[in-house]
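Here is a short briefing for a first look. Keep the sequence and the 3D view at hand while reading.

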Amino acid sequence: YHTHARMKLLVGVSVGAVLLIAVLVTTLVLILGGGRTVMRVNSKGIGRELYSYWLSYGKYTYLARNGGDDSPYFWASDNGSGVTHEAACRKETEAYMVQMLVSAELYDSIGGKLTDSERKMLKSRAEAVLQYDVTSRSAYDKIAKKHGFSYSAMCEAMIYSYKSEVLRTVMTGD
């Protein structure tokens with residue numbers, strides 16, 4: 001029992017330390033400029049395409065949750081907390097990005113590696129997206145390019161998300 005409690009405490013302290021480092025590093029990268037890398041947590045960094053993908057996804061979920069419409073008027077309007085919907089959405093989405101980077105860093109630091117079957121499953125998930133409104137990667141890329149990302153960025157986001165899910169399961173036992 002004590003070993004389990006110690007492990008949870010160690011993981012909790014590690015998460016806190018990595019999160020603090022993530023916030024500091026992200027702030028420095030954003031202030032000093034990061035070339036093609038937009039955010040970085042130790043060895044985990046995201047480029048403009050993945051940033052754009054997550055920002056688009058964040059925008060979609062923000063609109064769905066807040067009942068807004070994708071118009072300049074909505075994004076410039078106050079969200080009820082003294083900030084614009086655009087600023088609130090970006091803040092939430094960037095916090096999510098940091099969470100994904102921290103999760104991936106921790107996943108890798110505890111020896112996590114995606115198996116061949118997990119990679120195959122993630123590839124199948126990504127290919128399943130092509131069964132809806134688009135029928136090929138090139139068609140997806142043509143639409144996504146307007147928003148600054150590609151099919152590859154979506155696949156990369158799926159890997160980050162999966163690592164986060166696995167890490168949560170390892171930490172909580174659920």
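At roughly what angle do the axes of helix 2 and helix 7 cross? The axes of helix 2 (residues 48-66) and helix 7 (residues 151-172) cross at roughly 75° and come within 9 Å. This is a predicted model: local features need pLDDT of at least 70, side-chain atom pairs count only at pLDDT 80 or more, and totals for chains, interfaces and linings use all residues. Residues are numbered from 1 along each chain as its sequence is written, and side-chain values use heavy atoms, with hydrogens and water left out.

**Overall make-up**
- The chain has 7 helices and 2 strands. Helices (H or I, at least four residues) and strands (E, at least two) are DSSP runs, numbered from the N terminus.
- From the N terminus, the order is α-β-β-α-α-α-α-α-α.
- Of the 174 residues in the chain, 33% are buried. Buried means under 20% relative accessible area, exposed over 50%, and partly exposed in between (1.4 Å probe, protein chains only).
- Among contacts with a separation of 6 or more, 60% join residues 24 or more positions apart. Contact means heavy atoms within 4.5 Å.

**Helix 2 against helix 7**
- The two axes are lines fitted to C-alpha atoms over the stretch in contact, and angles run from 0 to 180 degrees between N-to-C directions.
- Helix 2 and helix 7 are therefore roughly perpendicular to each other. Angles of 65 to 115 degrees count as such; under 35 is roughly parallel, over 145 roughly antiparallel, and the rest oblique.
- Helix 2 brings Glu49, Leu50, Tyr53 and Trp54 to the contact, and helix 7 brings Ala153, Met154, Glu156, Ala157 and Tyr160.
- These residues divide into 7 nonpolar, no polar and 2 charged. Ala, Val, Leu, Ile, Met, Phe, Trp, Tyr, Cys and Pro count as nonpolar, Asp, Glu, Lys and Arg as charged, and the others, Gly among them, as polar.

**Nonpolar cores**
- The largest nonpolar core has 32 residues. Such a core is a set of buried Ala, Val, Leu, Ile, Met, Phe, Trp, Tyr and Cys residues joined through side-chain atoms within 4.5 Å.
- Met39, Ile46, Tyr53, Trp54, Tyr140 and Tyr160 have the most contacts inside this core.
- Another core, of 6 residues, lies apart from it and includes Tyr62, Phe74, Ala88 and Cys89.

**Gly45**
- Gly45 sits in strand 2 (residues 44-47). Gly45 is partly exposed, at 22% relative accessible area.
- Leaving out residues up to four places away in sequence, Gly45 touches Thr37, Met39, Arg40, Leu101 and Tyr160.
- Gly45 and Glu105 are 60 residues apart along the chain, with their C-alpha atoms separated by 9.8 Å.
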